[in-house]
Amino acid sequence: MSDLTRRELLKAAGVAGAAAMLPSARPDVAEAQTTQKRELVVAQGGDIAKFDPHFSTSSNEIRWTFNLFDNLVSRHPDGKLYPGLATEWKLTNPTTWTFKLRPGVKWHNGDPFTSADVKYSFERTWDPKVATRVNTVFTTVEKVEAPDPMTVVFTTKKPDPLLAARAAFYGGQIVPKKYVEAVGGDQFNAKPIGTGPVRFVSWTKDDKFVLDANPDYFGGKPDFDRLVVRPIPETAARIAALLKGEVDIITQLPPDHGERVNSGNTRVAGALYAGLYVLAVNSKAPPLDNPLVKQALSLGIDRDVIVKELWRGRGIVPNSQIAKGDNHYDASLPPLKYDPKEARERLKKSGYKGEEILIETTSGYTANDKPMSEAIVAMWRDIGVNARVDVLEYSVRAQKNRDKTFKGLWWSDPTSTLSDPDGMFWRLLAPGGPQDYWRHARFDELGEAARFSVDEKFRGQAYKEMTKIFLEHLPWIPVVQPYEDYGLQKYVEWTPNPNQQFEIRRFAFKFRRV
Amino acid sequence: MRAVVAFLAARLARALVAVWLVSTVVFVVMRLSGDPVPLLLPPDAPRSEYARVAKELGTDRPLPVQYGVFLGNALRGDFGRSIHFRQPAAAVVFGYLPATAELGLTAFALALVIAIPIGILSAVQRNSLIDQLTMAVALVGQSAPTFFVGILLILVLSLKAGWLPTSGRGGWAHLVLPALTLGAFAMASIARLTRSALLEVLRADYVRTARAKGLRERVVVIKHALRNAAIPIVTITALQFGTLLGGAVVTETVFAWPGIGRLAIQSIYNRDYPVVQCVVFLSALLFIVINLTVELIYGVLDPRIRPR
């Protein structure tokens, strides 16, 4: 630009002016549909702190540990399980799962991958001396054996229908036994070595994280030479970086910015979140111990308005406690109803005397938490409920969660870790679980039985009956199942994964080239 | 010379008390405001996990014991291990320091280089168009929130004009917008103060005398007026250097700049006590050093306040 003469500048301005009058005459748009790039740049909302996959469950980190490392089983963006480091797995008897491993896989340092690594990785998750953050993921496992270098046998304490699904999510990343034992946990965390499609190169805190493509990856070298991850916490700055073309993909795109991104050279791609946004209820605190009151609260929420206004249509109304896309989701159930008249009636029948009902919300911890709380409180006031919003800081919320001291209702965004009701509502609402504020003998009996049954037909029946009980008692008031949106350059072909994995392997990511 | 040593010794004693008080306040406030353990664990962790991690971090011990351990270690220059990064806290903080130093010093230099000439110019050409225009801009610069200035600069200079990168750290081009944003407030207040300090001095008798002696206007302004107006300018400049650190929290977040301001705010959210304590300790130290330097500069500028 600085080399241009004044005349050239004027000419350029004239061309630009003329081009602006013809909407299709912007050559950069057509060209930007393809690229020659060999470097993929991704901007996310926060930095990474740990690379040891057994020390993190946070989405900013598991996005990358799922690519540095492989799991035995891989969950693809279509929600189904595919072979990973294991090529096949089967139930050999109700408490035994046998996994056949992929031959010829090498660690990034050249060491061969064997069943000893798998046995070591699983045992490491629950080893009290290592004290990982994922030591509750495989509590169903009794022991892991490696009878030969390419076979692993899991014995479970009780029948576990979901072991393969558990192995596909966090905690299930396989780490190199020889390397970890040789260099120790701190060094492994600083210089991780995996089997995945990208290799660790360098990390500058809060600046950038650089990875190189693994040319020997068993699933094929990814469609780039280098991957750079940049933390850009501010939403506006993250979007500006995308619009200006400095980055190729951004995560955590709020719904109200979709329109800006869906124009010119960039577009929005979303996946329906594998989970729900619910108002969890302290069903021990009157008047919320009365199912009629909770039914009235649920009937009093106009979820369509919330989806349309606060999510700009980027979400759906749930029909139960089971997220769409999960096993045993019942598509025949109608979406949760809005009926203010019926709500008032049930409130009257319940004997509600105007006691205060409190929503304890964070501001910005989950998308739209505070705006949704305010909208819902207004809707509840309309049906005659004395409702109020209290805003908590995130760490206060975390403490209340631990101590189980929420007063009324609070936001929860349970992720379906296993694509199954067991890793979703039952993980949180089971006796002793983090949201154990309500008990029902039949519900509990069914939840336990379904957890330990390998008979999917029986499990389906059990979840059907549990849904009926749930919809009467409402230990959660489900509100919305949103899309999780990303902004991309149009020359990027990429399918987001519903469960916070960020899949850059060949089958999910490609640059469009000329 | 002895006077200077005594002066420094007294200041140093005061500085130590200040650092101790600041660390104690931060220690107490951080502990009162939240527990790091629930933030480290997945939401469905059982109670036994909480107890185990609390023990690992030492947060299960009574506060006075924790405080004793903290003070003892801090005296030896050990701020403990970062809860979030699993590394020594001091190493984490020092890793972030160069980026902040680069940004802070550039912003500060930018502020000085732009603000002082502008202040002088508008004082000399009082009520001219230049004076009114620059002072109006300075007023906006002083009252607009850093966050707003930052986003505005990104949208206009980077996204619309395409001249500069939107965020991140890299070459000098990456430095321009964050340094302007961070320096905006300091720039505005230094310019305004330079103008008013100079105006006051320009009315003084010795300036009239200097002019009567037939000295050139430039000599009058620079040598006679500016030197006498310097004390308040140095004071405000030093104070502004301190507020640059505070502004760094917002600026570094907006521009994804990997500095200690951003580290501090994230560590507060994560309740990463050791890192927060280390950052605050360093900031307190920096403030004290700045104040001390300013007092020494006073002595150079004005012989009347030299320690005797």
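Analyst: Start with a salt bridge: Asp186(A) forms one with Arg81(B), the closest N and O atoms being 3.6 Å apart. The model is predicted, so to speak of local features needs pLDDT of at least 70, and side-chain atom pairs need 80 or more, while totals for chains, interfaces and linings use all residues. Residues count from 1 along each chain, chains are lettered from A and ligands numbered from 1 as written, and side-chain values use heavy atoms, without hydrogens or water.

User: What makes Asp186(A) and Arg81(B) a salt bridge?

Analyst: The rule asks for a side-chain nitrogen of Lys or Arg within 4 Å of a carboxyl oxygen of Asp or Glu. Here the closest N and O atoms are 3.6 Å apart, so the pair qualifies. Between chain B and chain A the count is three salt bridges.

User: How many residues does each chain bring to the contact?

Analyst: Chain B brings 45 residues and chain A brings 38. Contact means heavy atoms within 4.5 Å.

User: What is the area buried between chain B and chain A?

Analyst: About 3700 Å², with 52% from carbon and sulfur atoms. Buried area is the accessible area (1.4 Å probe) that two parts lose on being put together, summed over both.

User: Why is Leu152(B) called partly exposed?

Analyst: Its relative accessible area is 41%. Buried means under 20% and exposed means over 50%, with partly exposed in between (1.4 Å probe, protein chains only). So Leu152(B) is partly exposed. Leu152(B) lies in helix H7 of chain B; helices are DSSP runs (H or I, at least four residues), numbered from the N terminus.

How values were computed:
Helices (H or I, at least four residues) and strands (E, at least two) are DSSP runs, numbered from the N terminus.
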